Amino acid sequence: MTMFREETIVALGAAGDGIVHADGQTLFVPGALPGETVRIREDGILDTIVTPSPARIEPICSLFGVCGGCSLQILRTDALLDWKMGRVERALRDAGFSALPLPRSFQTAARTRRRVDLAVRRVADGIVIGLHGRNAAPVDMTSCDVIDPKLFALLAPLRDVLASLGALTGEGTLQINLLTSGPDILISTLQELSSSDRNKLANFARLYKIPRISWSLDGKTGTDETVAQIAPVQQVFGPLTISPPPAVFLQASESGERAIVQAVMSGIPPLNRKDLVVELYAGCGTLTGPLAEKAKVLAYEGSAEAVKALRKGRVGLRFDVETRDLVRQPVLAKDLGAARVVVLDPPHTGAPRQIEEIAAAKVKDVVYVSCNPAALTKDAHRLAESGYQVAEWTVIDQFLWSAEVEAVVTFTRDSKRLKKLARNTEGAL
Ligand SMILES: C[S@@+](CC[C@H](N)C(=O)[O-])C[C@H]1O[C@@H](n2cnc3c(N)ncnc32)[C@H](O)[C@@H]1O
């Protein structure tokens with residue numbers, strides 16, 4: 001017999017699940033919100049909401065709870081942003097920063113996501129395209145309030161063309177980046193494409209005006225090949241125009257990208273054209289172009305393909321870029337010493353080895369773009385130990401209705417800036 005119990009949700013965990021503390025145990029309850037009294041099964045599965053939170057709303061998507069995305073669509077978006085801001089604040093406090101200036105924040109609108117990574121599956125009556133499930137088969141994305149309508153409109157014709165491919169025998173993947181030049185599609189299948197498959201994809205590109213369709217075998221990196229290219233593939237980052245490789249890292253939405261760039265540019269101190277900015281984890285140049293308008297930039301990035309694209313696009317801009325694995329071979333303190341400011345935008349794992357070198361170099365200002373509060377805490381702790389203070393912080397919610405949160409934090413050890421900060425933070429958080 002299933003046993004139930006009534007509990008109160010005390011907080012949301014990092015994955016967006018409600019937290020219950022009971023009998024010395026912590027349970028994570030998906031679908032429950034802080035302050036709610038809920039009836040749950042012994043294993044934490046939600047049965048009934050007894051007292052709903054005032055911040056609870058009806059999810060707008062017809063696939064809510066089924067497709068695996070947008071688990072926080074039950075929370076008012078202002079409350080969602082407050083929760084995300086609280087997570088970043090906690091990350092900074094846990095790192096050792098007790099005085100924080102007031103934050104800025106930005107939240108994207110619905111239907112603005114320009115980058116999707118989807119699972120594809122052949123089923124008896126056609127093709128399913130949906131999110132990669134946590135141990136579950138993808139659910140067909142017949143509705144979506146997150147992705148850009150231009151991307152959503154492509155899914156129906158993509159189902160048809162994918163169904164016609166001999167190479168798609170079981171499962172595959174589909175990555176689409178909505179670039180300045182239009183959708184850039186990378187399809188991966190378990191089998192090699194036949195010449196008939198290639199023709200079908202080329203016709204699809206012409207019919208739907210897709211500048212480029214690429215393909216890879218079984219998602220293996222380095223096996224991408226262009227199957228169809230009907231127009232130049234371009235992405236504009238401020239003054240920089242590049243031709244990126246398929247499925248390159250791109251900020252999730254254009255407005256999110258703008259908010260991140262704006263926060264980074266606000267964080268850097270006044271620079272003259274002789275100053276050096278060292279940029280780490282540069283990707284294809286989201287920040288490099290805008291930074292190169294202010295000073296000379298030396299950028300590092302692990303993906304050789306991204307670096308190639310960035311180099312090709314640097315016409316008239318003052319930056320150099322080097323391919324470097326910053327975990328295995330971080331840029332050393334002695335080479336960072338000449339930088340007026342270091343800007344870093346590491347992946348989810350943060351920058352554990354690189355941050356040691358930054359802290360040791362004692363660069364005056366460090367602008368850190370984070371996509372993971374836990375990694376931010378660890379890296380920021382190292383900067384706190386080294387005498388930095390938080391000069392500015394901006395929280396960016398560009399993954400609406402998910403638990404993901406990004407932040408741009410400016411750390412400083414510049415005495416003039418610290419003095420100004422001391423005056424401005426009186427009465428702040
Ligand atoms: C969050 S993205 C940021 C990219 C860029 N700043 C942007 O906004 O588009 C992180 C970047 O770090 C790169 N990266 C991941 N691991 C790396 C490593 N070990 N060494 C150097 N770069 C790495 C990825 O290729 C990716 O371009």
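## Surroundings of Gln 251

Not counting residues up to four places away in sequence, Gln 251 touches Gly 256, Glu 257, Ile 260, Thr 286 and Gln 398. The structure is a predicted model. Gln 251 is placed in the loop between strand E15 (240-242) and helix H4 (254-267). It counts as buried because 24 C-beta neighbours lie inside 10 Å, where the cut-off for a buried residue is 20 or more.

Helix H4 also holds Glu 254. Glu 254 counts as partly exposed, because it has 17 C-beta neighbours inside 10 Å.

## Annotated binding positions

An unreviewed UniProt entry lists Gln 251, Tyr 281, Glu 301 and Asp 345 under "binding site". Asp 345 is located in the loop between strand E19 (341-344) and helix H8. With 24 C-beta neighbours inside 10 Å, Asp 345 counts as buried.

Which residues does Asp 345 touch, not counting residues up to four places away in sequence? They are Tyr 281, Leu 287 and Val 369. Tyr 281 is itself one of the positions listed under "binding site" in the unreviewed UniProt entry.

## Annotated active-site position

For "active site", UniProt lists Cys 371 in an unreviewed entry. Cys 371 lies in the loop between strand E20 (365-370) and helix H9.

Why does Cys 371 count as buried? The reason is that it has 20 C-beta neighbours inside 10 Å, and the cut-off for a buried residue is 20 or more. Not counting residues up to four places away in sequence, Cys 371 touches His 348 and Glu 406.

## Helices H9 and H1

Helix H9 has 13 residues, and the distance from its first C-alpha to its last is 18 Å, close to the 18 Å expected at 1.5 Å a residue. Its buried residues are Pro 373, Leu 376, Thr 377, Asp 379, Ala 380 and Leu 383. Elements that cover these buried residues include H1, helix H8 (352-361), E20 and E22. Just after H9 comes Gly 387, with a positive phi of about 95 degrees.

Helix H1 (residues 77-94) has 18 residues and should therefore span 26 Å at 1.5 Å a residue; this agrees with the 26 Å between its end C-alpha atoms. In H1, the buried residues are Leu 80, Trp 83, Lys 84, Val 88, Ala 91 and Leu 92. An α-helix has 3.6 residues a turn, so residues three or four places apart point the same way. The cover over the buried residues of H1 includes strand E2 (11-12), helix H9 (373-385), strand E21 (389-397) and strand E22 (406-412). After H1 comes Gly 96, whose phi is positive, near 115 degrees.

## Parallel pairing around strand E17

Strand E17 (residues 296-301) is mostly covered, with five of its six residues buried. Strand E16 (residues 276-280) and E17 run parallel and are joined by five bridges. Within this part of the structure, Ala 299 in E17 is the bridge partner of Glu 279.

E17 also pairs with strand E18 (residues 319-323), in the parallel sense and over five bridges. Here the bridge partner of Tyr 300 is Glu 322 in E18. Together with helix H6 (residues 304-312), strands E17 and E18 make a right-handed β-α-β unit.

The domain assignment gives domain 1 (1-55), domain 2 (78-109 + 245-425) and domain 3 (115-236). What distance separates the C-alpha centres of domain 1 and domain 3? These centres lie 38 Å apart.

Arg 39 is found in strand E5 (residues 37-41). It is partly exposed, because 13 other C-beta atoms lie within 10 Å. Not counting residues up to four places away in sequence, Arg 39 touches Phe 4, Glu 6, Asp 47, Thr 48 and Val 50. The C-alpha atoms of Arg 39 and Phe 4 are separated by 6.4 Å, although the two are 35 residues apart along the chain.

Methods: Residues numbered from 1 in each chain as written. Predicted model: local features only at pLDDT ≥ 70, side-chain atom pairs only at ≥ 80, totals over all residues. Helix = DSSP H or I, 4+ residues; strand = E, 2+ residues; numbered from the N terminus. Expected span 1.5 Å × (residues − 1). Buried ≥ 20, exposed ≤ 12 C-beta atoms within 10 Å, placed from the backbone. Contact = placed C-beta atoms within 7 Å. Domains from an automatic or database assignment. Pairing = 2+ DSSP bridges. Right-handed = clockwise from strand over helix to strand, strands pointing away. UniProt positions renumbered as here; feature names shortened; annotations may be inferred.
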